[in-house]
Structure formats: C-alpha cells, structure tokens
Amino acid sequence: MADRVLYQELATTGNHYRRPRSGVGSPNMVYANGGGSWRAAPRQQQRQQQQLHQKPNPQPLFNSPAAGGRCLVKQEEQPMDPTGAEMVGLPATPRTTKQARNKSEEAINDLLVRIPDIGQLFDVHSRIGNGTFSTVLLGTLRRESHLPDSLRRKFAIKHHIPTSHPDRIMKELQCMTKMGGTDNVVGIHCCLRCDASAAFVMPYMAHDRFHDFYTRMDVPEIRLYMRNLLVALRHVHKFDVIHRDVKPSNFLYNRRRREFLLVDFGLAQHVNPPVMGSAGTGASSAANNNNNNSKRPRERETTEAVQQSASADAGLGGAVKRMRLHEESSKMPLKPVNDIAQSEMQPPALDGSNPVQQQPVQQQQTQAQMDQTASTASGSKYNTNRNASGAANNAKCFCFANPSVCLNCLMKKEIHASRAGTPGYRPPEVLLKYPDQTTAVDVWAAGVIFLSIMSSVYPFFKAPNDFIALAEIVTIFGDQAIRKTALALERMITLSQRSRPLNLRKLCLRFRHRSVFSDAKLLKSHESVDGRCEVCRNCDQYFFNCLCEDSEYLTEPLDAYECFPASAYDLLHRLLEINPHKRITADEALQHPFFTAAEEAEQATDHDQVANGTPRKVRRQRYHNHKTVPATPEQLKQQVALDLQQTAINKL
Ligand SMILES: Nc1ncnc2c1ncn2[C@@H]1O[C@H](COP(=O)(O)OP(=O)(O)OP(=O)(O)O)[C@@H](O)[C@H]1O
C-alpha cells in the first residue's frame, strides 16, 4: 500500500509494534576507552614510538584501519563514554571487545603515523568515536603526563580521513573558529596537518549515549535538552550557517554535569543569499550554480554521491564504501587556499541532481514522482532555464511513454539542491530537492529528535532512500500538507493515494506506552466474536488504537498516560512544520511556552519558597528530581487549560 512505509515497521499484525532494528544497541559499537582503559596508553605509546622510529610503511589509502565495517551514512549512535563519566575520571571498561580494542589501537597508530607531530604533543589513549569522514580519539598533553589522571586535560582529536577534500576540512575549521566555543557549540584548539592528513584538536566532553537516556528523561530534562539544542542552533544560525547534520550523535550530552555540545560541522553550509525578483532570479540562481560549479566542481557531487551510494550500499562493507568515497574524491581538483578562502565568500555549494529523470519509487508500491511544476506566469524561479531560453520555458515535455528524455527536458537546467545530511533527519524541502534551503533544515532535525524523545522511538524515520523518506513524512503529516508545500516551493509531487494526517499527541503517547496499547489482552477485549478486529485504513492500526487526526473510531483513552504539557505538542508541531517558510526558527522556539511557561512557573515557585526559606540549592535539586507521574484526567484538563492560558498571556 502506498505511503505506508512507516506502518510496515509498526505493523498491527501480531505484535503491533516492532522496534526499528537500528534502534537497538549494535555489537559494532565501541566505547570511549576503545576497549580498554586509557591507562593502557603508555604501552601503546611505546609501540608507537617504535613504529615512528622505523620508516613508516606507506599505507595504501584504502587500507585505512578505520575503514573496516563502517557505514558511510550511519543511523547508529556514535561511540562515546558509556558511563557519562566525568572528564576528570577515567572511562570505565564495560562491554568492550577485543576487536574494538584492536580498532582503537589501529586508529591511534594510523593517526600517529600520518601526523607524527601529534605524537610529539599528545598521548593518544583511545578511539572515542568514528564517523563517515573521521575518527575521533582521546588525547592528553604529553607535558602534563606527570600530573595525576584527574588533572590532565583531555582533548578530542578528530582525524580526518585522508580522502576528505581540503575544502571540506577548511570549511569545518572555519565554522568552528568563527562560531565555536560558546552557546554549546564545539570550539577548536588547533589544527595539525601533515601531507594529506589533518587533525582538529577540540575540547573533549564525556557524554552519555542517546540510546541510554532518550526514554528515561522526564519533562524538565527533555525541556533542558531541547532548550540547549535550540540555543546551539540559534547561535549557529546567527551566522547564516546551516549545520545540516543535526542528530543525537552530533549533540553530545553529559547528563550528570548537564553539559551539551554541538559537534561536527563537516556538512555545514552558508545559507544562499536571498534571490531578488523572479526575472533576475533564474539568472542569479543559475549564476550561483555555475559559480559553484566552477569553484567546487566535485565536492558537491561527492557529498551527493557519498550519500547516495551509502544508502545503495547499505549491505556492503565499509571498505567498499570508503573506496567509492576515494574514487569520488580522487577526481576532485585541488586548489590553492586562496581560492578556498574566496569560495567562502561565494554562495554555498549546492548538490546537483537531475530533476528530469526522477525515478518512480518501486519499493513499497510507493510512486512518488517529483518534477518541476508547470511554469508560472512570471516564470519559475529555480533552475528551469526558462529565463535563459524562452522557447524552452513553456515547451511541452515529450518524455512520457518515450524511451528517451525529450529535447525540452534536456534543455532544462539541472537542479542543484543539497541533500547533505543524515537519512531520517532530512526535511521535506531537502527531499523535494528545493534549492533555496535555509536554517529551517536544522530546525526540522531538532523536531525529529524531539519526536524521538516524546514517542520513545529512535530512530523515528528510517528510510533507505529519499522517496521512502518522503512517503514516511506523508504517512504522518498527510498528503495535503506535502502537496501544498511542494506547490509553495514550486515542486510537484505525485502520490498514488491520499493519506490523512495523524495526530502527533496520539502517536507519541501510543508509542511511548506501547506495551499497554499492544497488549494482547487489550486486543482480545476489542475483538468481535469471530476473533476479528477492525484496522483503520488510513493509519493501519487497530481501530481502538487509531492515530488519525480525525478518527471515526472510539479509541482507547490516552489521557491517563499523558505526561507532556500541551505546549510540548505545540512546539513539536512547529518544529515539524512541513513548509520551511512557516517553520519556527530556533530563536522563536526558545520563546515558546514550552520553555517560557516552565521558567515562569519555576520563578514563581522560587519566589514562594524564598518566602518559606527553602535554600535555593534544595529547590533546584527538587526541580531536577521531579519525576513525571501520569496525571489524572482532571489534572490533565487543568494543565492543558493553564498551558493555553499561559500561551495567550505570552502572546499578549
Ligand atoms: N569534542 C568531543 N568530545 C567528545 N566526543 C566527541 C567530540 N567530538 C566528536 N566526538 C565523538 O566522535 C563522534 C564522531 O564525531 P564527528 O561527528 O565530528 O565525526 P564525523 O566523521 O563527522 O561523523 P559523521 O559521520 O556523523 O558526520 C561523535 O559522535 C562523538 O561521539
């Protein structure tokens, strides 16, 4: 059934809810200590010293030790300190395997061989994370080696894979130097380079795994988490920069210390300068694209190709993927740093994709086909070449039922719309290949994280390609919202069937309390005498669990399970607004009643308790210790009414 991708995961047959596979802890995970205490470092160092004194074997580029078993686009959480231990303490040595230890040692060796200066300055202890484009290692200063462990400062050393394009590394570096070190955004101490290898030295932050806490947070903690994420995004967006890779593994959180850090600016890009007037728009847009093409011809393609090949190669080994990455990047022409600096001034690079031959989705019987919309009276703004060639502007397409692309379509310009990012966090405008993407891209990703937390489903979206990703969004938000947005963005989407929107509150509570609503006894109680139970045609759930916004069924009451204020759902809706032009900004989100009402309530409590003489520290502790208990229907009604009242007051 078309557009039912999500519900294949959440099938109603038998056990209703099947937890997404990638949401479960993976044996591939490695931990902050990389398989051993970082006390083991001296031994590793000794071995390393020996290696350094020998002539280093030139390693084949593809034989990077980090290459094995890594996904180019991964849904898994990054490895991290599993205990959330304080930076001053030593990382514990939990479920680690020999393989992980070997990988950690390999990563250390690779770093020290490729950038020998690192070995002069740092003791490198273990691998703390690895991503698509880098390996991150834990280091301490050699000149502090005489200090007790607890006093030695720790650093995260991000070792870029040698195939990373210098532009990419340069951009990431510039982002961190310009914006980092404040508002939960990671800063940088220094960057070391030796030949083709580069490493960033950043402050290290011990952090918890999202897997370990996303189901355990109470409302105040969720509020704290989201507020800090939005603070980081607000800061980044002030610079007109889109992070493009906002996801739990890039937003580090130390629960014990209540510290947050947004990392990984590897995909960050500047927002396009606004385009003026439709006549000039096409030209300027085209010019921008051309500029980008001439400035950075392959990097965009690489990002695109990497992402695409990643999903296509889901079943292949890391080495194959890395090889592809290398193939792409080996085509990249290198250019002087001056050019790179200049290109910084240029509008950001946009990834290319051919709009003419959009392949219909075969999988899941979903046929979502995107194409350019018919030209408007004023002409289309984006990449349609209509301004360049009057004849081609309104020319009819003759592709249909022909084995080749018609001339009119061939004359159209390619659409250059970046799709850089992690699957599952890409917003509709990216999936619709809208070229003028803004910081709203990050806000959507923050919304997806919020949805994961509120529904206790992680990862929430898990599509193998962009078409299915779009189908997942249609399944939740309905086809009308997507169609309208597509129209507003001058895109057209063709869906094989209609789909009504689901209610986000029902969705969150239903999945959060999945054990209750998927209980066999509950099903039994709703079954007819012949043992059948009706299933909603729109949401594919049993009628008593129907999630549709306008449900025609009498569903199981949810109020008893409510644990969020009404403002939380409202914020969720605004973060996940389909139309990027209407989506709330990070700055606006921080003014949302979900945050402000709680602050005011806290202040009021503080005020009351000051009068009672309760020490501030105790009051704070109580606030943080507050546990969420299911509210009674009356309490809930009161809470919702208060919430709405507060929103109205705030608006005034
Ligand atoms: N400053 C830091 N302190 C502690 N751990 C860090 C730090 N920076 C990065 N890490 C760890 O390393 C992991 C990978 O880092 P990062 O995301 O920067 O690499 P990447 O290669 O760009 O990854 P991705 O494939 O997700 O883009 C993070 O998820 C995190 O666990």
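**Exercise 1. Find which residues have the most contacts inside the largest nonpolar core.**

Solution. Start with the term: a nonpolar core is a set of buried Ala, Val, Leu, Ile, Met, Phe, Trp, Tyr and Cys residues joined through side-chain atoms within 4.5 Å. Buried means under 20% relative accessible area, exposed over 50%, and partly exposed in between (1.4 Å probe, protein chains only). The largest core here has 110 residues, and those with the most contacts inside it are Tyr 225, Met 226, Phe 265, Phe 450, Leu 451, Leu 507 and Leu 575. Helix 7 (residues 219-238) gives the largest share, 11 residues; helices are DSSP runs (H or I, at least four residues), numbered from the N terminus.

Before moving on: this is a predicted model, where local features need pLDDT of at least 70 and side-chain atom pairs count only at pLDDT 80 or more, while totals for chains, interfaces and linings use all residues. Residues are numbered from 1 along each chain as its sequence is written, and side-chain values use heavy atoms, with hydrogens and water left out.

**Exercise 2. List what Met 226 is in contact with, leaving aside its neighbours within four places in sequence.**

Solution. Contact means heavy atoms within 4.5 Å. With those neighbours set aside, Met 226 touches Ala 446, Phe 450, Leu 575 and Phe 595.

**Exercise 3. Decide whether Leu 407 and Glu 588 are exposed or partly exposed.**

Solution. Take Leu 407, in helix 13 (residues 407-411): its relative accessible area is 60%, so Leu 407 is exposed. Now Glu 588, in helix 22 (residues 586-590): its relative accessibility is 45%, so Glu 588 counts as partly exposed.

Technical notes. Helix = DSSP H or I, 4+ residues; strand = E, 2+ residues; numbered from the N terminus.
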